[in-house]
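Keep the structure open beside you as you read.

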Amino acid sequence: MSQTFIKDLTQFVNQEVILKGWLNHKRSSGSITFLELRDGSGFIQCVVSKNDISEEMWEQVEKTTQESSVEISGIVSKHPKQEGVFELQVKNFKLIQQAIDYPISPKEHGPEFLMDNRHLWLRSKKQWAILRVRDVIITAINEYLHQEGFIKVDAPIFTPNACEGTTTLFPVPYFDEGIAYLSQSGQLYIEAAIASVGRCYDFGPVFRAEKSKTKRHLSEFWMMDAEGAFIEHEENLKIQEGLIKYIIKKCLVECTVEFGILERNTEPLKKVLEKSFTRLTYKEAINKLQSLGSDIKYGEDLGNDDEGLLTQDSEVPVFIEKWDKNIKPFYMKIDPEDDSRVLNDDLIGIEGAGEIIGGSQREDDFDLLLSRIKQSGMSEKEYSWYLDLRKYGSVPHSGFGIGVERMVRWMTGVEHIRECIPFPRTINRLKP
Ligand code: 4AD
Ligand code: MG
């Protein structure tokens with residue numbers, strides 16, 4: 001008999017199966033022991049009666065501690081009281097490896113202790129649920145983009161220059177070539193690829209030497225950058241809204257168990273699907289913030305509190321578009337209707353999610369782009385390959401980048417972004 005997975009047990013009621021996994025929790029009352037088993041696909045209670053198994057097996061059951069690995073066979077039965085819940089009536093029990101003094105007990109531990117033990121903490125129910133929601137989000141992104149005609153074309157991680165400003169670059173010695181930088185975003189490279197494949201995206205880790213110690217910043221995080229030829233500002237926003245709604249829909253269908261474990265109230269997520277996202281220009285956003293009591297001035301970037309204020313009464317995410325060009329990167333297209341601003345957007349999620357997406361139409365005019373590169377104090381030579389794209393068949397084009405962990409944080413309702421990536425890297429965390 002081969003291994004059966006807990007998620008498939010509905011098909012095996014009253015049949016014998018073999019389960020393999022780890023002991024989450026054990027509870028005994030006299031001659032009956034209840035083992036909560038975890039196999040990666042789910043959780044199940046296994047009921048062991050001393051009278052039903054051999055004495056040797058019973059001794060092994062008694063020796064089985066939290067996180068010991070085990071192999072159990074038995075008959076699948078419906079839970080006597082809970083609908084849709086199954087149990088295993090154990091017939092055979094094998095202890096594979098006894099875990100002694102597992103450091104994470106059901107009692108409360110501080111975040112530093114848990115982070116130091118991240119390699120073990122990942123096994124806890126809440127972390128299991130987050131990892132699974134993360135996977136559904138990543139799958140949703142890939143599905144949606146393919147439906148919209150984008151193909152995956154990856155960008156390099158070692159890069160010679162900055163995409164998102166020079167202040168958050170991580171330098172790395174690179175053979176005889178001098179210094180390379182870890183990529184902040186693959187955008188510039190997939191802009192090159194659209195002239196080959198039309199619509200494409202990259203998906204990978206990006207790096208920002210962020211000095212900020214917030215609940216929303218990692219120094220290594222995963223980003224999906226999408227880019228499309230002949231896509232202009234309006235269509236860019238439409239694709240972004242479609243993507244967010246697609247992700248939410250898929251999570252609502254596929255993550256019911258996970259949302260239960262996370263105690264996530266999904267009503268606000270359902271409401272997001274019902275309406276169009278709100279839009280404010282940067283100027284309108286500043287005016288609104290000032291009227292709400294913020295001391296922000298025109299020309300300043302929005303802080304965490306500002307993003308919270310702007311979305312506090314909103315049932316849907318808010319696009320803040322057409323920012324002042326002086327606070328946005330060189331590659332954004334100047335708005336033909338108002339040359340003080342660019343055709344870009346930041347998408348702010350609700351429920352305190354903060355900025356989820358940053359996107360823009362790109363400057364496709366050679367001379368304007370060159371002057372923006374020079375104004376930003378960057379070297380024309382370093383960006384000559386990027387400028388080439390405006391020399392040979394330049395077209396209007398747009399794209400955006402979504403921060404995967406920001407989206408995971410919003411969907412799961414988890415407070416801190418460090419729990420939204422398997423092994424977080426922050427200003428003060430490089431281990432394990
Ligand atoms: O807004 P950003 O900096 O945009 C870009 O990098 C563009 N080149 C994307 C593009 O147009 N293709 O970053 C995109 C998103 C943010 O909206 C946010 O969700 C996330 O990446 N992000 C971070 N997530 C975690 N930790 C950080 N330090 C982040 N910085 C940005
Ligand atoms: Mg941004």
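Predicted model: local features only at pLDDT ≥ 70, side-chain atom pairs only at ≥ 80, totals over all residues.

Helices here are DSSP runs of H or I with at least four residues, strands are runs of E with at least two, and both are numbered from the N terminus.

## The overall picture

The secondary structure of the protein comes to 13 helices and 18 strands. Its C-alpha trace spans about 85 × 55 × 40 Å along the principal axes. Of the 432 residues, 51% are buried.

## Backbone features to look at

Let us go back to Asp-101. Its phi is near 55°, a positive value in a residue other than glycine. Asp-101 counts as exposed because its relative accessibility is 70%, where the cut-off for exposed is over 50%.

Glu-351 also has a positive phi, of about 55°, although it is not a glycine. This residue sits in the loop between strand 16 (344-349) and strand 17. Glu-351 is partly exposed, with a relative accessible area of 42%. As background, most residues other than glycine have a negative phi, and most peptide bonds are trans. On the peptide-bond side, Lys-431 and Pro-432 are joined by a cis bond with omega of about -10°. Pro-432 belongs to the segment after helix 13 (404-412).

## Salt bridges

Side chains of opposite charge can pair when their charged atoms come close. How many salt bridges does the count come to? The total is 33 salt bridges, taking a side-chain nitrogen of Lys or Arg within 4 Å of a carboxyl oxygen of Asp or Glu as the rule.

One of them pairs Glu-258 with Arg-132, and the closest N and O atoms are 3.1 Å apart. Glu-258 lies in helix 7 (residues 256-261) and Arg-132 in helix 4 (residues 125-147), so this pair ties together parts that are 126 residues apart in sequence. The two partners can be described by their accessibility: Glu-258 counts as buried at 6%, whereas Arg-132 is partly exposed at 30%.

Another pair, Glu-254 and Lys-250, has its closest N and O atoms 2.9 Å apart. Both residues are in helix 6 (residues 233-254), and because they are four residues apart, about one helical turn separates them. Glu-254 counts as partly exposed at 42% relative accessibility, while Lys-250 counts as buried at 13%.

Glu-363 and Lys-333 also meet through their side chains in a salt bridge, at 3.9 Å from N to O. Glu-363 is in the loop between strand 17 (354-361) and helix 11 (366-375), and Lys-333 is in the loop between strand 13 (318-321) and strand 14 (334-335), so the pair links parts that are 30 residues apart in sequence. Is Glu-363 buried or exposed? At 1% relative accessibility, Glu-363 counts as buried, and Lys-333 is buried with a relative accessible area of 15%. Elsewhere, salt bridges that share partners join Arg-38, Glu-67 and Arg-123 into one network.

## Cysteines

How many disulfides does the structure hold? The number is zero. Cys-200 is buried, with a relative accessible area of 0%.

Cys-255 is in no disulfide either, and its nearest cysteine sulfur, that of Cys-251, is 4.5 Å away. For reference, a disulfide requires the two sulfur atoms to be within 2.5 Å. Cys-255 is buried, with a relative accessible area of 0%.

## A charged patch and a tryptophan

Glu-62 is found in helix 1 (residues 55-63), and it counts as exposed at 53% relative accessibility.

Trp-222 has its place in strand 11 (residues 220-229). It is partly exposed, with a relative accessible area of 31%. Trp-222 and Ser-185 are 37 residues apart in sequence, and their C-alpha atoms are 9.5 Å apart in space.

Key. Residues numbered from 1 in each chain as written. Chains lettered and ligands numbered in written order. Heavy atoms only, no water. Buried < 20%, exposed > 50% of the residue type's maximum accessible area, 1.4 Å probe, protein only.
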